[in-house]
Structure formats: structure tokens, C-alpha cells
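Try each task yourself before you read the solution.

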Amino acid sequence: MAAFTVVPAVRPSAQEPVKPATPAPGGGLTQEREIDVVPSQLNLGDDLKAMVATDLGVDPAEWTHFRVALDRVSRRFDTRSDAEVIKAMGVGNSSTLREQAVFEYADRHREKAVPGLLRAYQNEADPRVRIDALWAAAKFGGTNAVGFVKTALEDSNIEVREWASIFHEELGVGVVGFGSRKVRGYAGRVFDQSIPLHILCNVYVKTPLKTWVKVVLSPLKIEEVFGKCHANTTVASREHRMVMTKRIKNYYTDGAPHYETFRFHGLTERTNPNTANFAFVSTEKRPFFVSGQIGNTSAGVMDGDVNFVRVGQWKLDPNIPVRDDFAIRYVKGNFLSWGYVSMAQLLDDDDGDGSTLDRGEFLRAVVADDDKGEYCNAFVSGTWKGKMTDEDGDGILDLNLPETICTAAGWLDLDHDGKADEPRATTTAYRTINRGQGAPNVPNDGRVVDVGPSRGREITGGAR
Ligand SMILES: [Ca+2]
Ligand SMILES: [Ca+2]
Ligand SMILES: [Ca+2]
Ligand SMILES: [Ca+2]
């Protein structure tokens with residue numbers, strides 16, 4: 001591997017971002033290379049909450065928020081006692097179950113949860129869970145979490161320390177910045193950057209009795225149920241296009257993962273060269289499995305539509321040149337969407353791990369026909385954060401490590417030949433259709449087909 005060292009002669013100040021006078025050696029990421037990054041700071045101290053409160057004024061119409069209304073009326077899906085949730089944060093559970101307990105506890109107790117979250121952090125071996133415990137504390141605890149965040153600045157794991165730096169700035173208690181690191185870009189990738197996302201998802205399910213149930217999905221639980229998500233961009237198109245990819249590992253019986261892409265388009269405001277604010281939307285066709293589980297055709301399949309809105313902000317790192325600009329070091333925002341949760345799936349524990357919302361059981365799709373309204377019963381609202389990450393654990397930050405699974409336009413390309421495997425396909429869920437069996441009990445025939453142009457059309461039969 002050819003390695004280049006690019007160290008700016010003068011460190012650009014974060015207040016006065018300076019673009020490189022010439023494109024980066026090697027044309028940015030056009031060949032595999034590494035750069036050494038001197039300490040960086042992102043200036044995350046914008047007080048977004050104060051800005052919104054000031055600028056939106058006092059008209060209640062501005063403050064109407066469906067998620068808040070649902071929070072007031074929803075029963076918790078997780079009916080464990082606090083003592084049981086605290087116990088679940090401890091040893092003997094998987095990282096996912098520990099982290100899910102962390103977020104359930106945080107969501108219940110808000111700022112009062114911080115001491116319990118700190119104890120979970122101090123006893124936690126998995127840095128992913130420590131990062132998300134830190135996020136939960138900063139998210140719900142605010143200034144009560146400052147001591148916790150300062151503790152995490154000394155964490156043994158550099159990814160945890162970088163997140164602690166971010167939260168320290170976001171809590172408004174001072175700029176810490178990032179230490180020096182190496183960054184690597186990979187050749188032959190469709191995207192200049194792939195940023196792994198930590199997603200906190202609240203799913204509000206309207207039950208057949210017209211009551212509401214709130215399901216809290218922590219970042220690792222999202223990976224299990226919905227899939228591991230990356231935000232993929234190129235420097236040239238990132239202000240109007242982003243492809244989100246998701247993967248559920250070992251989903252099919254042959255061990256194949258389940259993949260989907262979401263093609264986001266929208267608008268970006270970038271009057272400050274190193275800060276962007278954006279609003280994007282994705283509209284995709286998806287097979288709608290009436291069973292409520294991806295690939296499970298036992299109750300029939302219909303055409304569905306996914307509508308997925310994300311609004312957020314990214315910050316460039318003026319020490320990491322990519323092509324003729326800089327890399328996104330950190331991104332955050334919120335999203336809303338609609339979907340379907342089968343009550344039967346929601347109450348049945350497939351794998352016996354004590355958690356009844358299992359892999360593939362949350363469908364982010366809506367059948368739009370008026371007479372099929374029962375197939376939209378979930379409102380989905382949450383937040384996400386992502387930073388440039390060392391994804392393979394070699395100590396070097398990765399700009400675009402994940403193997404590309406789609407074309408630049410977002411069409412699935414699992415054979416990596418640069419062309420869509422099937423015209424306009426954005427999900428592998430179709431591999432199980434017409435086989436009369438449900439995932440994960442379906443052999444992988446590798447077939448990926450388009451959703452087709454119809455709307456609300458029944459694709460296969462089956463009891464409903
Ligand atoms: Ca289940
Ligand atoms: Ca389970
Ligand atoms: Ca790495
Ligand atoms: Ca292909």
C-alpha cells in the first residue's frame with residue numbers, strides 16, 4: 001500500500017477554515033493512501049436548542065410534535081421493573097441486550113439516570129456499549145452528565161475518547177478537540193466516505209385497541225432488528241445526495257446478509273464552509289411482508305412505499321483533505337418515518353434471548369391503498385450521530401472502509417461490477433418471494449428483482 005503523509009504546515013484555525021491551495025496528493029481518495037491528521041476541533045458549540053427556541057417563537061403551531069404527543073399517551077413496551085433493567089446492563093447478557101437496557105433505563109429516568117449509566121459504563125467491557133451509555137447520559141442528562149463525559153475523556157479506547165470530546169463540546173463546557181490520528185482512504189470504492197451511524201429509534205405502535213405502545217430501540221438493537229446503517233457520500237454530490245445502506249448479518253439460512261439501500265435526496269445549506277445543514281428525503285418501493293418480518297412470505301406480500309425524512313448537520317475536518325474539499329468528521333440529526341409492526345411478532349421471542357422484537361420484525365414501509373390502512377401502524381422518530389470511525393480496529397480512521405454494496409446511484413451491486421444487479425433494485429428481500437417459505441428458512445438463490453411500478457398491488461397470495 002502506498003502511504004502518503006500530508007501534514008499541513010500551518011494548522012488551520014477552526015474559526016477560519018482554510019482549504020488546501022491545491023487538491024490533495026493522489027487526488028484525494030483516488031488511490032489507497034493514509035494521512036496523518038494533526039489535532040482537530042470541530043466547533044460543535046452551536047447552541048442549536050437555544051437557536052430553535054428563539055427563532056421559532058411561541059406559536060404553539062411551531063411546537064406541535066407528534067412524537068412528544070405519543071410519548072405522553074404510550075405505554076412502555078418494555079415492562080421490566082427498574083431492578084430488572086439495571087440487572088440486564090450487567091454481565092451475562094449480550095452487548096446488544098446490555099446496551100438496550102442502558103437506553104431503556106435512560107429513557108425512563110432522563111437526567112436522574114446518569115449515576116446508573118455511569119456505573120454501567122464503568123463496568124462495561126465493550127467500547128460500543130460504553131459509547132452509547134455516554135450518548136444516553138449526554139442526551140438525557142445534559143449538564144448532569146458533564147462529570148461522566150469528563151471521565152470518558154480518559155477512556156482506554158480512542159473511539160470512546162473521541163465521542164467524549166464531541167459530547168463535551170455539545171454540552172457547551174468547552175472545546176476538547178481530537179488528538180492526532182492516521183486516516184486511511186481506500187481505492188476502488190464507489191463512495192468517498194461511509195460513516196457508520198449510531199441510531200436511537202422510538203417506534204410508536206398503534207395497537208388494534210387504538211392504544212399506543214412505545215418501543216425504544218438502542219443503536220445495537222437497531223443493528224439487530226433493522227440493520228447496521230452507513231451514510232455513504234461522495235464529495236461531488238454530498239450536498240444533494242446520500243445513500244444509506246443497511247445490513248442485517250447472517251439473515252438468510254445460507255448465512256447471506258440482508259441488504260437495503262435508501263436513496264436520499266434533498267437540500268443543503270453551506271454558507272459556512274465547514275458546516276452544513278441539510279434536509280433529505282428517501283422514497284423507496286419495498287415488498288411489504290404481511291407477516292411483519294422481512295422475507296417471511298407466509299401471510300402474503302404486497303407493494304409498499306418507504307418514506308423516510310432526515311434532517312441534520314455535518315461538520316468537516318479542515319485537516320483531512322478529500323478530493324478538492326474536506327472530509328465529514330461528524331454528523332448528527334433526526335429522522336421520521338412510518339412503518340408496520342406485527343403484534344404477533346412483537347410478542348413472540350424467536351430466538352429465546354428474552355427480547356421479543358427480533359431480527360427483521362420492523363418494516364419501514366407503508367401500504368398506501370386506502371383500504372389497507374391497517375398496514376401502517378407505527379410512527380418512527382429518533383436521532384442519529386455518526387463520526388469518522390476506525391471500523392476494522394487497526395487504529396487508523398477509515399474514510400470509506402465498508403465494501404461497496406451498491407452503485408453511486410444506490411442500486412444494489414452485490415457482485416461489485418459497478419452495475420446494478422437488477423434494474424432499480426434496492427433490497428434483497430425479494431429473494432424469498434414466490435418460494436412459499438419465510439426467512440430465515442429460505443435457501444439463498446441470490447435473486448434480486450425490482451419492485452415494479454404498481455402501487456398497493458398484491459404480489460403473492462397468502463392468508464391475511
Ligand atoms: Ca418477535
Ligand atoms: Ca428475541
Ligand atoms: Ca481502520
Ligand atoms: Ca452488479
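**Exercise 1.** Count the helices and strands in the chain.

*Solution.* Helices (H or I, at least four residues) and strands (E, at least two) are DSSP runs, numbered from the N terminus. The chain has eleven helices and 16 strands. This is a predicted model, in which local features need pLDDT of at least 70 and side-chain atom pairs count only at pLDDT 80 or more, while totals for chains, interfaces and linings use all residues. Residues are numbered from 1 along each chain as its sequence is written, and chains are lettered from A and ligands numbered from 1 in the order in which they are written.

**Exercise 2.** Work out how the axes of α5 and α7 are arranged.

*Solution.* Start with the helices: α5 covers residues 95–109 and α7 covers residues 127–141. Their axes (lines fitted to C-alpha atoms over the stretch in contact, with angles from 0 to 180 degrees between N-to-C directions) come within 10 Å and cross at roughly 5 degrees. Angles under 35 degrees count as roughly parallel, so α5 is roughly parallel to α7. Next, find the contact (C-beta atoms, placed from the backbone, within 7 Å): α5 contributes residues including Val102 and Phe103, and α7 residues including Ala136 and Phe140.

**Exercise 3.** Do likewise for α7 and α9.

*Solution.* Helix α9 spans residues 158–170, and its axis comes within 9 Å of that of α7, crossing at roughly 10 degrees. The two are therefore roughly parallel to each other. Among the residues that meet are Ile131 and Leu134 in α7 and Trp163 and Phe167 in α9.

Definitions and conventions: Parallel < 35°, antiparallel > 145°, perpendicular 65-115°, else oblique. Contact = placed C-beta atoms within 7 Å.
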